[in-house]
Amino acid sequence: MTLILAIGWYSCTEKNTTKTEKELKIETSAASLMYKDFNTNFPNSISKEVFSSKDSTLILIYSKRNFPYWIGEEMYLTKDADSLINYLKHAEQFGLFPKKYWTQSLDSLHQTYQESPSKEVGFKLELLLSGAYLKLAKDLHYGVTKDKNLFTKLTLKSDTLDLGQLFTDSSNLISNLLNVQPKHAEYKLLQNSLAIFIKTNKLDKETIRIPNFRKDSATAYLKAKEVLIKLNYCTTETTDSNLINAVKQFQKDNGLSPDGLIGKYTSSMLETSNWDKYKQAAINLEKWRWIEKWNNHYFFANIPEYLIKIYRNSHLVQENKTVVGTKVNTTPELDSKLEYFIVNPEWHVPYSITTKELIPKMQKDPTYLARNGYAIKGGVSITSIDWENATPANFSYSIKQKSGKHNALGRVKFIFKNKHSVYFHDTPSKSFFKRDIRSYSHGCIRVQNPFEIAQYIVDIEQDSIWTTGLDSIKKTLRTKSYTPKEKYEIHIGY
């Protein structure tokens, strides 16, 4: 708390001496008198100050209150004022920039007020703090980007934040400010991690280049160590064997396979400056602020993270690796609800895949469809079609793939309404899950160990038949669907 007594305004100009108890009482009384005068004249001075014609919310707030929020008795800056100034100066911990909240003007006014307090400076400082408070609250809740729908297809917030309501309980100004932030579990985790990162790392733009590991592994590890020292993963005294462990921990923290080798993606992450890491985190926090609040129970597939996560009551209860769409066949952002899942599904091949992939494969290998469990709908024989001369223009047949080990959907798929016809599903191509970068699908999301999700659903639903019988159903080739009573939210985003 910053203590600002009215010393010098009412005291004499003699040299500093040890003050008696009587003198201290006189000075304290003088400060109290000034605060009383400040308090009495405060409402009448609002229209003369910097926000009088710029912020109607401030006018409304102070018209309902005849004393200040940030300056206390004896002309103290309150504890909340100190906390607010600290948050404004360190707005980077929220992925925001301090200069946007007039921190330079605040510093100047604060300094002036400390050196020579006056009612006039006090009025300006009070209003500037309230203005910065409102601005920060709005940005923490809604974000700073205007045309949000240009950057996401997820459902945007539609609520109206009553900024004036934040001032109703003046004893909880700071907690009210922090509570306007998104309640998404992923936002909270990222914001807390960013705050820690900023405290322990300098946000510099320095980049340390890592040489090709295959050509010069010794130098690659040496340069990697420089980065890891900066990031507090190791020290200059770290031995070679412990350096490998530091590399593995770095890889794990960055979503990479912890093999201890300085491969392509590990090098790329090591070469990313702290400033670039900060910007990426700030962008992600910004996007979370746009999105409508989700229910307490939902599935979230984070496309670039290659993960699907299940949250219940804001706690992560399950996590599975995913394979997502390529740059050409991207996985779309969407909000939906799970309708049902199918065990041992058939795959009704989209026409675009039939013409672009299956026809060329049949022209190279006439046994391809039969060997992989495909059939022509309507009872048409595969061998009766002139594959040699088939083209997208003249091919009018629909193809399906029977359930079984070759089925592209694997043994289970999860259906939810969306205009893109995408869904979650199993896959026979398990090797893709071992890769760090997993963008190989046509847009749907392939899930590692998808029966874990199916089992989770039937267990939550307390369906005794499915809970105990899911394994036996899986082992047959019989197609069977399950519709849960609860419509679990599905969110897919970047």
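Start with the largest nonpolar core: select Trp70, Leu84, Leu129, Tyr133, Leu140 and Phe167, which touch the most other members among its 52 residues. A nonpolar core here is a set of buried Ala, Val, Leu, Ile, Met, Phe, Trp, Tyr and Cys residues joined through side-chain atoms within 4.5 Å. Buried means under 20% relative accessible area, exposed means over 50%, and partly exposed is in between (1.4 Å probe, protein chains only). In general, nonpolar side chains tend to be buried together in soluble globular proteins.

Now colour the elements that give two or more residues to this core: α2 (56-63), α3 (79-89), α4 (103-115), α5 (119-142), α6 (173-178), α7 (185-200), α11 (274-290) and β1. The largest share, 11 residues, comes from α5. Helices (H or I, at least four residues) and strands (E, at least two) are DSSP runs, numbered from the N terminus.

Before you go on, keep in mind that this is a predicted model: local features need pLDDT of at least 70, side-chain atom pairs count only at pLDDT 80 or more, and totals for chains, interfaces and linings use all residues. Residues are numbered from 1 along each chain as its sequence is written, and side-chain values use heavy atoms, with hydrogens and water left out.

**Stop: Leu140 and Gln181**

Zoom in on Leu140. Leaving aside neighbours within four places in sequence, Leu140 is in contact (heavy atoms within 4.5 Å) with Phe94, Leu96, Leu177, Val180, Gln181, Pro182, Tyr187 and Arg289. Pick Gln181 from that list: you'll find Gln181 in the loop between α6 and α7. Is Gln181 buried or exposed? At 11% relative accessibility, Gln181 counts as buried.

**Stop: the aromatic rings**

Show the rings next. The whole structure has 26 aromatic pairs. Rings of Phe, Tyr and Trp (its six-membered ring) pair if their centres lie within 6.5 Å; planes under 30 degrees apart count as stacked, over 60 as edge-to-face and the rest as tilted. Take Trp294 and Phe300: their ring centres are 5.4 Å apart and their planes at 50°, so this pair is tilted. Trp294 is buried at 7% relative accessible area, and Phe300 is buried at 3%.

Stay on Phe300, which sits in strand β1. Residues up to four places away in sequence aside, Phe300 touches Glu186, Trp288, Trp294, Leu307, Ile308, Lys309, His491 and Gly493. Draw a distance between the C-alpha atoms of Phe300 and Tyr311: they are 11 residues apart along the chain and separated by 7.8 Å. Select Trp288, Trp294, Tyr298, Phe300 and Tyr311 together, and you have a cluster linked by ring pairs.

Phe416 and Phe424 form another tilted aromatic pair, 4.9 Å centre to centre with 55° between the planes. Phe416 and Phe424 are both buried. Then look at Tyr423: Lys413 lies over the face of its ring, 4.8 Å from the ring centre. (A charge sits over a ring if NZ of Lys or CZ of Arg is within 6 Å of the ring centre and within 35 degrees of the ring normal.)

**Stop: two loops with positive phi**

Go to the loop between β1 (297-302) and β2 (307-312) and select Tyr306. Tyr306 isn't a glycine, yet its phi is positive, near 55°. Tyr306 is buried, at 12% relative accessibility. Follow the chain to Asn313, in the loop between β2 and β3 (315-325). Asn313 also has a positive phi, about 55°, without being a glycine, but Asn313 is partly exposed at 49% relative accessibility.

**Last stop: helix α15**

Select 464-475, helix α15, where Trp466, Gly469, Leu470 and Ile473 are buried. Why do they sit on the same side of α15? They cover an arc of only 155° around the axis, the arc being that of the directions from the helix axis to the C-beta atoms. On the other side of α15, Ser464, Thr468 and Lys475 are exposed. Show what covers the buried residues of α15, including β4 (334-343), α14 (450-461) and β12 (480-482).

Finish at the N-terminal end of α15, capped by Asp463: a side-chain oxygen lies 3.2 Å from the backbone nitrogen of Ile465. (A polar contact is a pair of N or O atoms within 3.5 Å; within protein, one must be able to donate a hydrogen and the other to accept it, and residues adjacent in sequence count only if both atoms are side-chain atoms.)
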